[in-house]
Amino acid sequence: MHEELKDHGFAVIAVALDKNADDPRPWIEAARPTHPSLVDAQHTLADLYNIVNVPTILWIDERGRIVRPNDVAFGSDTFKHITGLSSSGHLGALRAWVKGEAPALSDEEVKRQQPLPTAADQQARAEFGLGQWLWAQGRQAAAERHFARGGELAPHDFTIRRGTMPMRGIDSMGPQFREMLQTWVGAGQPFYRPLPDTAGRPGAAS
Amino acid sequence: MSAFTIVDAERAVPVQAQVTGGRVLLDPVALKDGLGWEIHDGLLCNDSMCIPLADERALVRDGGVDLETLAGALDRPLAFDVAEGAAFLGSSARERSQALAARQAPDFSLPDLDGRLHTLREHRGKKILLVAWASW
């Protein structure tokens with residue numbers, strides 16, 4: 001996608017919310033991306049953009065304005081059978097926007113869809129930040145307390161609840177994650193929150 | 001007084017503090033030297049701004065600056081761990097919300113696999129797809 005559109009004044013920036021560079025390295029080296037692929041152990045991006053799960057995508061225009069706030073999109077259909085989300089809806093819309101064939105969301109729509117962080121969300125991120133610092137100091141038991149507290153304060157924030165699992169020695173695809181997911185979805189809460197137009201676009205599963 | 005660490009904007013600042021009854025009282029000199037804040041005449045000031053204090057006596061007690069009250073005055077979340085002698089000053093929900101509501105994409109500076117820093121700003125003038133992902 002980046003190769004196809006780079007002559008249209010387009011860039012991709014990928015940011016891995018991982019505990020260190022070694023965790024995402026195999027994926028990045030296999031994909032050999034031509035765009036910047038960055039590592040964000042302290043979840044700086046999650047804090048700045050109120051990101052609560054991955055993957056999360058945003059579109060930013062030439063003037064540095066957010067023209068598609070936090071949305072869910074996959075680059076391929078590898079996980080479509082699990083997520084129910086097709087990649088083609090987003091890729092088609094992105095291609096049309098970059099080539100100037102279709103506008104991004106209107107200002108009003110961006111404003112309506114932009115999720116804003118609450119005090120509890122930011123308290124949870126501070127707990128994550130303390131936990132991450134303690135973990136980096138080798139103080140695992142203390143880190144665990146703050147990761148758990150962060151997850152309690154913001155149960156919808158899977159960058160904390162699931163994203164800390166590798167630091168806590170928990171398999172992030174294993175039984176503890178599946179149980180967390182089942183409880184969450186069982187309570188009627190969505191794990192992925194795509195914008196309504198993504199869900200409604202042709203090619204996207206309902 | 002004992003050694004305490006405050007992580008502020010990704011900097012770990014060592015300070016001297018007195019920990020009593022679950023409260024953390026910072027040495028006022030450490031507050032100024034480490035975090036850049038100083039209290040005088042009912043104001044909490046750094047190099048560029050002053051914040052009026054509703055109650056200076058709640059902030060300064062027993063010769064120390066109460067860390068939780070300080071975070072409250074700064075409108076920033078505070079996570080702290082008395083047993084570990086460490087605290088993390090987070091970012092204000094109000095400040096983050098105002099920035100996002102203004103729809104201007106916040107800039108960041110993050111390393112690639114080789115440790116080289118990249119910013120959002122250096123791509124200004126292009127349409128950007130920003131993707132947050134993870135190996136987990």
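Biologist: Which two domains does the assignment give for chain A?

Modeller: First, this is a predicted model, where local features need pLDDT of at least 70, side-chain atom pairs count only at pLDDT 80 or more, and totals for chains, interfaces and linings use all residues. Residues are numbered from 1 along each chain as its sequence is written, while chains are lettered from A and ligands numbered from 1 in the order in which they are written. Domain bounds come from an automatic or database domain assignment. For chain A, that gives domain 1 (2-115 + 192-200) and domain 2 (119-186).

Biologist: How many residues of domain 1 of chain A are in contact with domain 2 of chain A?

Modeller: The centres of the two domains of chain A, taken over C-alpha atoms, are 23 Å apart. Two residues are in contact if their C-beta atoms, placed from the backbone, lie within 7 Å. On the domain 2 side twelve residues take part, and on the domain 1 side the number is 13.

Biologist: Now to chain B: which element gives the most to the side of chain A that touches chain B?

Modeller: In this interface, 68 residues of chain A are in contact with 44 residues of chain B. Helices (H or I, at least four residues) and strands (E, at least two) are DSSP runs, numbered from the N terminus. Among the elements giving two or more residues to the chain A side are β1 (10-16), α5 (88-98) and α7 (119-136) of chain A. The most, eleven residues, come from α7(A).

Biologist: Which residue is the bridge partner of A:Val12 in β13(B)?

Modeller: Two strands pair if DSSP finds at least two bridges between them. Here β1(A) and β13 (residues 127-133) of chain B run parallel, with seven bridges. Within β13(B), the partner of A:Val12 is B:Leu129.

Biologist: What do the buried residues of α8(A) pack against?

Modeller: A residue is buried if 20 or more other C-beta atoms lie within 10 Å of its own, exposed if 12 or fewer, and partly exposed in between, with C-beta atoms placed from the backbone. In α8(A), A:Ala143, A:His146, A:Phe147, A:Gly150, A:Gly151 and A:Leu153 are buried. They lie on the same side of α8(A), because their arc around the axis is only 160°, counted from the directions from the helix axis to the C-beta atoms. Their packing partners are α7 and α9 (158-161) of chain A, together with β9 (78-81) of chain B.

Biologist: Is B:Asp33 buried or exposed?

Modeller: B:Asp33 is part of helix α1 (residues 28-35) of chain B. Because B:Asp33 has 12 C-beta neighbours inside 10 Å, it counts as exposed.
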